[in-house]
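Dear colleague,

Please find the structure below, followed by a short account of what was found in it.

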Amino acid sequence: YNVLLINSTVLLCGITAVQQQVATPGVAYPLSHPPSLEIFNFLVTELDSEGRYLVLNAMANHLRFPNRHTYYFSCLLLYLFASNKGNE
């Protein structure tokens, strides 16, 4: 796997989702923008265990300081683990 590409994709999708959330006032739930959510869901469900590990690790790397990105990625990780209980 190209780890740099995976990290860059996760970061770009996260930044885009946060920017879309800021641009639409009145949206309180950070996962209300499906394009980036569909990309993350696809990566987590379609990759093998090593690829999933790299994607989830890239998401976990953004859980640092209290800001919008940390909040988005924490909600995203909770959503992905809750929605994919039946997979492996």
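In the largest nonpolar core, which has 21 residues, those touching the most other members are Val10, Phe40, Val55, Met59, Tyr72, Phe73 and Leu76. A nonpolar core here is a set of buried Ala, Val, Leu, Ile, Met, Phe, Trp, Tyr and Cys residues joined through side-chain atoms within 4.5 Å; buried means under 20% relative accessible area, exposed over 50%, and partly exposed in between (1.4 Å probe, protein chains only). Two or more residues each come from α1 (3-23), α2 (34-46), α3 (49-60) and α4 (68-83), with α4 giving the largest share, six residues. Helices are DSSP runs (H or I, at least four residues), numbered from the N terminus.

The model is predicted: local features need pLDDT of at least 70 and side-chain atom pairs count only at pLDDT 80 or more, while totals for chains, interfaces and linings use all residues. Residues are numbered from 1 along each chain as its sequence is written, and side-chain values use heavy atoms, with hydrogens and water left out.

Leaving aside residues up to four places away in sequence, Val10 touches Phe40, Val55, Ala58, Met59, His62 and Phe73 (contact means heavy atoms within 4.5 Å).

α2 passes α3 in a left-handed crossing, where the near helix is turned anticlockwise from the far one by less than a right angle. Phe40, Leu43, Val44 and Thr45 of α2 meet Arg52, Val55, Leu56 and Met59 of α3.

Glu50 lies in helix α3 and, at 47% relative accessibility, counts as partly exposed.

Yours sincerely
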